Amino acid sequence: MDAAPTRPRLRAPGRTIEDLEQDLLSNLYYRRGTTIESASLHDAYHTLALTIRDRLVDRQARTAAAHYQANPRFVYYLSAEYMLGRQLGQNLLYTGTEDMVRSVLTSLGLSIETIEALDVEPGLGNGGLGRLAACLLDSLATLDIPAVGYGIRYEFGIFKQEFVDGEQVETSDDWTFYGNPWEFPAPDDRQVVGFYGRTEDDGDPTGLRRRWVPSETVRGEPSHMLVPGYGTETVNIIRLWHSRASRQSFDLRRFSAGQYAEAVQDVVRSENISKVLYPDDSTELGRELRLKQQYFLVSCSLRDIIRRFRFRNSEWDDFPNKCVVQLNDTHPVLAIVELMRLLVDEHHLAWDRAWSITRRTFNYTCHTLLPEALETWPVWLLHRLLPRHLEIIYSINYFFLQGVALRFPGDMHKLGALSLIQEGSEPRVRMANLAVVGSAATNGVAELHSQLLADTTLRNFAQMWPARFHNVTNGVTPRRFLRLANPRLSALISSRLDGEGWLRDLDRLRELEPFADDPVMREHWRAVKHANKTDLAAYTARTTGVVIDPDALCDVMIKRFHEYKRQLLKLLHVVTLYQRILDDPQADVVPRTILFGGKAAPAYHAAKRIMKLINSVAGVVNSDPVVADRLKVVFLPDYNVTRAELIVPGADLSEQISMAGKEASGTGNMKLALNGALTIGTLDGANIEIRDQVGAENFFLFGLDAAQAAALRAGDYQPREYYESDDELRAAIGAIAGGAFSGGDQSVFASVVESMLGWDEYLVLADYRSYIDAQDAVAEAWLDQDRWTRTSILNTARCGFFSSDRTIHDYCAEIWKVDPVTVPPE
């Protein structure tokens, strides 16, 4: 094997506090272009970021050299979103410079907290899908797995959330306004991406190879951010693509004629592709833009993967042995079709050989059980935007259905269910079907989810190829969500486990179990939780004006807004508690703060109406002197990783109350349990595994299970029967319907009431009484603080299974078949 190219010996950043201080001053002067006397706080932040980044750059260079020498099998992770969180604190931890930086900044009259507050969270993600992707990248690097993440560098992210009159208002998230010191532009690696146009005969006698002539092109320009591992030398990268117009897109003739808008319309059209994450798809133009985004991501990424493959390899048949591509849900599934196009049309491989390579390259993670969330695209839209790709999809489908017909002769129902094309008045391409057909493995993300995928959602495929279906339960990185988010608890754990080795071996948390019965440990544990709740109370008062009591039970529901997650069920509990206090103002009620957080898609009007109802209820409850401090309701705006790092450490109760059989896994449930919050939940997603790990006696279970929910939903479910038979439920809904939370206007929330009483898609009313009874058990348990604290300690001690390091171990062993590459120290 060839030796790695010799690289010049450069001076690595020093490791002493004196070196760090000198590097800071040098970077301020030479790279920021200012002096310490005139530097602003933003100058100080950018200079510190560059100084820490330099320490990662040296490790990344050694990582690249080790990978070049080993020529290993790489994991390429394709995801439409990543919720990376703020970078400064993480990179200080991963470079071991926290204490030195604090000392140097103090000597310069600055606080690290002031500087960290300027660190902006990259606007690259929205929910659990993106946060999982970020956790997995962290663990890939920590476990020394050669890997690259691919995504889009969204200019304005998802959106910033504000509330106006209780309603969600979306504003742009200009997260790069002051620049992003953590990224490296790489314009020399740009790719050209085509759209529209026509296909032509290429002289191939089989007719399977054709020439695509796009009528529009854009450039994909990459930048990358560093992804360091913890406790290792490995630094991987995440490569992000930004859409740019072709050089000829600016019309100087029109500009000179005063037609300024027309002169740049092609520029705007091209650069819209990477403007925002998940553009509103309620219009035809919005749907086209989403499809453009998906193809833009996979086209740029696959060409880059091929470029990297060719550094050390030349035989196409080695491609699956050197490249494993993981598709994070259906958004990047067009990569299967694009690789076929590249291999067949551009590199002239025979169809069967190209298909064999493609099938062995890709793996697919399905993150949903909701039929409406399994993406489909209209055939007419693909024909217009990506005509060659539609031809390839039809060819894949033709050969695939030939095999199905041989295996299931005469079974037309099977052919229709397995087909990549959903027939009807508007034929559509089923992206999940394409993903399964074009991948070596398909996995769910929790035991129940994977079973339901095989038994229901993708049943016909699982019957045909059972060995291709796997479960890999999600996980979260303890470095971000315990060490960084909850430094007080992390320090307490380290004091009992003789250091921070548990951050790379989370199963060691089991060693905390004996301390659950130690009165001194329980006292320290409660003190940590109270301090975290005091921080949360201060933030809440500062941002919302609502004053909450750190001694009250902190009951949190923080997640993306969707009706199946049942924020509405939680709200009915709030109204029930409120009415109990009104009915008996002298009642001895457990003081409780109920905290909501989460965003709804801009066009998801039903979820946004529930948000307004929550804020309206909060306004009434928080201003009612009868309630006093016994019940507070807070909706913290603009939920993201940074908010989670504040809320999760202060939570006492974790609300995981989705309708059973609807949640794929969840990772918020894991973060909260890992930080000692007790869970109230249904047997849904990873709740089942959390309950198994922490013990049934330490979990507040309620509601129908997945089989019961499906049977009730399939039968003659009558939500009004539950309404009529439960006095508290009737009173709660009656208060909402009667205008108690809308100034007497009964029309404001009429649609919410009608959805519950008319159809109740997610069985809110069916599970209401069981949920209220479980919440009463929560209140009873809270009164015994020793018991509660013991249970909290056991939750943390028994959640080592939910490390994303374990998740990556499972992927490597069961699906990817990749090995670590050790990066030697300097």
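The expected span of a helix is 1.5 Å times one less than its number of residues. Helices here are DSSP runs of H or I with at least four residues, and strands are E runs of at least two, numbered from the N terminus. This is a predicted model, in which local features need pLDDT of at least 70 and side-chain atom pairs count only at pLDDT 80 or more, while totals for chains, interfaces and linings use all residues. Residues are numbered from 1 along each chain as its sequence is written, and side-chain values use heavy atoms, without hydrogens and water.

Helix α15 (residues 387–407) has 21 residues and reaches 31 Å from its first C-alpha to its last, close to the 30 Å expected. Its buried residues (under 20% relative accessible area, 1.4 Å probe, protein chains only) include Leu390, Ile393, Asn397 and Phe400.

In helix α21 (residues 487–496), Leu489, Ser490, Leu492, Ile493 and Ser494 are buried. Among the elements covering them, by contact (heavy atoms within 4.5 Å), are the following helices.

| Helix | Residues |
|---|---|
| α20 | 478–484 |
| α22 | 519–544 |
| α33 | 785–797 |

Just after α21, aspartate 498 takes a positive phi of about 60 degrees.

Asparagine 71 lies in the loop between α2 (41–70) and β1 (74–78). This residue counts as buried because its relative accessibility is 11%. Its C-alpha is separated by 9.1 Å from that of phenylalanine 309, 238 residues apart along the chain. The side chains of asparagine 71 and asparagine 313 are joined by a polar contact of 3.1 Å; such a contact is a pair of N or O atoms within 3.5 Å, where within protein one must be able to donate a hydrogen and the other to accept it, and residues adjacent in sequence count only if both atoms are side-chain atoms.

Key:
Buried means under 20% relative accessible area, exposed over 50%, partly exposed in between (1.4 Å probe, protein chains only).
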